[in-house]
Amino acid sequence: MGRSTRKMETLVELGGRAVARSVAKMKEEELSAYLALMPKDLWGTILWQLSKCNLLDRGRFVKHLLPQCAPYIDALQFTASNAREWLYDTDVNLVVRQCPNLTQLDLSRCRHLTTPRIHHPQLKRLALLEAGRKEFNPSIDCPQLRAFALQLQNIRVFKKQMALLETRSPLLEELHLVGPIDLKVLTIAFPNLQTLRLIGCISLRMSSILHVVASHPRLTRVILDEFLRPELPEALLDRGEDDTTQAREGEDEEEEPGAPSEEEKQVREILHRG
């Protein structure tokens with residue numbers, strides 16, 4: 001049985017989206033029979049692949065798959081275009097409530113979200129890039145959160161979210177923020193913050209970054225990206241990797257030509273402390 005389980009696990013991992021497409025096309029009775037044949041410890045992998053599949057529909061996911069597989073789901077990545085169309089606050093709230101072992105969740109570009117309630121004791125990675133509309137204002141309470149990607153259009157809401165994040169997610173190690181950003185808010189100390197990525201913040205001054213670096217004693221990487229890269233959520237929520245996400249090799253070593261300013265020297269000195 002152990003060997004059979006390993007074979008099926010390899011099939012699911014290698015098949016990836018092909019397996020997900022097959023599952024998405026099954027009728028209800030076929031789906032139940034298929035899941036009954038598969039070891040339950042593979043259900044999480046199947047659902048993770050399925051959450052990225054364009055063929056997944058709300059009825060199949062909410063009514064049939066989620067009730068049956070919820071305890072085995074550890075990662076969901078709603079990146080397929082049709083999932084972004086049917087996913088609403090009520091669906092997110094349901095997922096969070098019913099999946100006790102969920103550790104990774106990507107809701108990026110889910111445009112119908114407004115005030116989803118993401119309160120989860122085990123969630124470690126969360127991506128909310130280009131999610132919702134202008135009034136997007138999620139409620140987040142995840143004490144185990146290690147990596148978080150956020151994009152908000154409302155500066156007032158951004159300030160509120162950062163203040164709540166400080167008290168509710170003290171273990172945060174990675175923070176990815178897409179402009180507009182008020183860096184004054186980040187003088188709030190996240191004691192375990194090690195990586196800060198600022199995306200699309202073309203008007204930032206080095207002096208502002210210096211204040212942020214100085215207020216975070218464990219911060220060793222500050223990455224400035226001019227544009228939001230589409231692969232960022234995938235990198236942030238890399239299923240099965242260690243808790244700390246690694247940025248692409250050499251990405252943070254690029255320097256602009258010319259001698260560094262005094263402020264840049266101070267930033268580098270602080271980042272290389274210890």
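These legends go with a set of close-up views of one predicted model.

The model is predicted, and local features need pLDDT of at least 70, side-chain atom pairs count only at pLDDT 80 or more, while totals for chains, interfaces and linings use all residues. Residues are numbered from 1 along each chain as its sequence is written, and side-chain values use heavy atoms, with hydrogens and water left out.

**View A. Helices α4 and α5 pack against each other.** Here you can see α4 (residues 43-51) and α5 (residues 58-69), with axes 10 Å apart and an angle of about 150° between them. That angle makes α4 roughly antiparallel to α5, and their crossing is left-handed. From α4, the contact takes in Trp43, Leu47 and Leu50; from α5, Phe61, Leu65, Gln68 and Cys69 take part. Sorted by class, this contact holds six nonpolar residues, one polar and no charged ones.
Helices (H or I, at least four residues) and strands (E, at least two) are DSSP runs, numbered from the N terminus. Axes are lines fitted to C-alpha atoms, for helices over the stretch in contact, and angles run from 0 to 180 degrees between N-to-C directions. Angles under 35 degrees count as roughly parallel, over 145 as roughly antiparallel, 65 to 115 as roughly perpendicular and the rest as oblique. A crossing is left-handed if the near helix is turned anticlockwise from the far one by less than a right angle, and right-handed if clockwise. Contact means heavy atoms within 4.5 Å. Ala, Val, Leu, Ile, Met, Phe, Trp, Tyr, Cys and Pro count as nonpolar, Asp, Glu, Lys and Arg as charged, and the others, Gly among them, as polar.

**View B. Helix α3 meets α5.** The axes of α3 (residues 28-37) and α5 come within 12 Å, crossing at roughly 20°. The two helices α3 and α5 are therefore roughly parallel, and this crossing is right-handed. Look for Glu28, Leu31, Ser32 and Leu35 on α3, and for Arg60, His64, Leu65, Gln68 and Cys69 on α5. The contact of α3 with α5 has four nonpolar, three polar and two charged residues.

**View C. Helix α5 also meets α7.** With α7 (residues 89-98), the axis of α5 comes within 12 Å and crosses at roughly 15°. Helices α5 and α7 are therefore roughly parallel to each other, with a left-handed crossing. On the α5 side are Arg58, Phe61, Val62, Leu66 and Pro67, which meet Thr90, Asp91, Leu94, Val95 and Gln98 of α7. Six nonpolar, two polar and two charged residues make up this contact.

**View D. Seven strands form an open sheet.** Pairing is parallel, in the order β1-β2-β4-β6-β7-β8-β9; two strands pair if DSSP finds at least two bridges between them. Strands β1 (75-77) and β9 (221-225) are at the edges with a single partner each, so one side of each has no neighbour in the sheet. From one strand to the next, the twist averages 10°. Between β7 (residues 174-178) and β8 (residues 195-199) there are five bridges, and leucine 175 has leucine 196 of β8 as its bridge partner.

**View E. Glutamate 85 and arginine 111 form a salt bridge.** Their side chains meet at 2.9 Å, N to O. Glutamate 85 sits in α6 (residues 81-86) and arginine 111 in the loop between β2 (104-106) and β3 (117-119), so the pair ties together parts 26 residues apart in sequence. The whole structure has four salt bridges (a side-chain nitrogen of Lys or Arg within 4 Å of a carboxyl oxygen of Asp or Glu).
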